[in-house]
Amino acid sequence: MKVLVTGGLGFIGSHTVVELQNEGFEVVIIDDLSNSSLDVLDGIVAITGKKPDFEQIDLREKASVQEFFKKHNDVSGIIHFAASKAVGESVQNPLLYYENNLGTLVYLLQELQNKDKAHFIFSSSCTVYGQAEKMPITEDAPIQVAMSPYGNTKQIGEEIITDTTKVTGINAILLRYFNPVGSHESTEIGELPKGTPQNLIPFITQTAIGLREQLSVFGDDYPTADGTCIRDYIHVVDLAKAHVKALKRLVNNENVDKVETFNLGTGKGNSVLEVINAFEKVSGKKLNYKIVGRREGDITEAYANTTKANDVLGWKAELPIEEALASAWKWEQKVRGK
Ligand code: WQD
């Protein structure tokens with residue numbers, strides 16, 4: 001079966017393409033290269049020896065999406081990563097997010113709706129839970145009012161898919177990621193944030209390599225043991241493998257409901273300061289950081305209850321945060337030619 005991976009040259013997308021190819025899936029990638037580059041395709045080939053089909057398409061162009069599916073009419077599975085994902089930017093430019101994250105989702109589902117059987121895996125986020133009441137977070141934790149248009153597009157996206165599965169041959173899995181980090185052990189692919197990194201790990205590695213002066217730790221006055229926020233940092237390779245498990249579940253019709261939801265995390269929370277200490281240990285570098293004020297919109301704590309993913313999806317995160325940090329550091333050094 002040929003599977004379409006949208007955003008397949010992105011951070012999580014490229015790692016998922018590698019794992020899909022490792023499992024024998026034929027992959028075609030759509031990417032608009034707005035947040036990636038063709039070098040990533042070379043990286044995938046360097047790892048697997050197999051070159052996926054690639055088409056540079058802006059999914060906001062409905063005609064281009066229709067043309068793609070005319071050409072690739074044997075695609076009956078989509079893993080949909082392509083989306084804008086910067087929380088702060090979404091507040092400044094909501095319509096960009098609603099068009100790019102939701103308009104494109106509708107066009108893709110419209111291409112699958114007339115197939116007898118089709119499979120759709122959606123890149124969602126733990127952000128839908130906001131600050132959950134209870135830790136670790138289960139899939140039936142209440143969905144909070146979104147704190148940003150980005151988070152809202154994940155919530156609405158889940159609803160669009162759920163409604164569509166009710167009246168079509170599409171079965172779907174919604175994967176709610178916690179915090180994806182790290183890179184492939186080969187250092188052929190990894191995280192390539194454009195401009196100033198929003199996320200913690202790339203900012204840490206860019207500071208350690210001297211690209212950034214200093215890391216700002218956004219607040220140490222949270223109600224946690226060391227005062228800094230807690231997150232569930234999951235190795236991107238573990239995350240990628242969960243997508244293959246999810247696709248196989250749908251293709252083999254093992255899913256109980258037309259649409260299922262899984263939290264993808266390690267089940268363990270780490271504070272910002274714990275991550276910094278772990279990074280200093282694995283890299284042997286002293287990190288230059290300072291505590292500053294809180295970042296608008298940050299929640300105190302989020303880490304996954306992984307029971308459902310372990311027992312139902314048959315998937316478990318294997319790689320510890322130290323491995324994720326070590327691989328992220330190796331990747332940063334390679335990218336900067338150090
Ligand atoms: C982690 C922790 C920050 C940067 C976001 C999105 C989520 C997903 C992952 C897309 C927080 C602290 C960070 C820095 C810091 N994105 N931090 N200094 O905010 O948990 O999740 O990215 O799918 O949907 O919400 O991740 O890496 O930005 O922050 O102190 O320079 O690190 O305050 O506590 P976050 P993050």
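The second largest cavity is lined by His80, Ala82, Ala83, Asn101, Phe122, Thr153 and Lys154. Its volume is about 40 Å³. The model is predicted. A search of the whole structure finds three cavities of 30 Å³ or more.

**Second largest cavity**
- Three of the residues lining the second largest cavity are nonpolar, three are polar and one is charged.

**Largest cavity**
- The largest cavity holds about 70 Å³ of space.
- Its lining is made of Gly182, Ser183, Glu191, Ile201, Pro202, Thr205, Ala328, Trp331 and Glu332.
- At least two lining residues come from helix 7 (200-208), and at least two from helix 11 (321-335).
- Sorted by class, this lining has four nonpolar, three polar and two charged residues.

**Second largest pocket**
- The second largest pocket has a volume of about 190 Å³.
- Residues lining the second largest pocket include Glu19, Asn22, Asp238, Lys241, Trp315 and Glu318.
- Helix 8 gives the most, with five residues.
- The lining of the second largest pocket has eight charged residues, two nonpolar and one polar.
- Domain 1 (2-181 + 233-264) and domain 2 (200-231 + 267-335) each provide at least three residues of the lining.

**Annotated span**
- UniProt, in an unreviewed entry, places the feature "domain: NAD(P)-binding" at residues 4-325.
- The end C-alpha atoms of residues 4-325 lie 30 Å apart.
- This span is 39% helix and 18% strand.

Definitions and conventions:
Residues are numbered from 1 along each chain as its sequence is written. This is a predicted model: local features need pLDDT of at least 70, side-chain atom pairs count only at pLDDT 80 or more; totals for chains, interfaces and linings use all residues. Side-chain values use heavy atoms; hydrogens and water are left out. On a 1 Å grid over the protein atoms alone, a cavity is a set of points where a 1.4 Å probe fits but cannot get out, and a pocket is an open set with protein on both sides within 12 Å along at least five of seven lines; lining residues have an atom within 4 Å of a point. Grid points are joined across faces, edges and corners, and a volume is the space filled by probe spheres set on the points. Helices (H or I, at least four residues) and strands (E, at least two) are DSSP runs, numbered from the N terminus. Ala, Val, Leu, Ile, Met, Phe, Trp, Tyr, Cys and Pro count as nonpolar, Asp, Glu, Lys and Arg as charged, and the others, Gly among them, as polar. Domain bounds come from an automatic or database domain assignment. UniProt positions are given in the numbering used here, feature names are shortened, and annotations may be inferred rather than shown by experiment.
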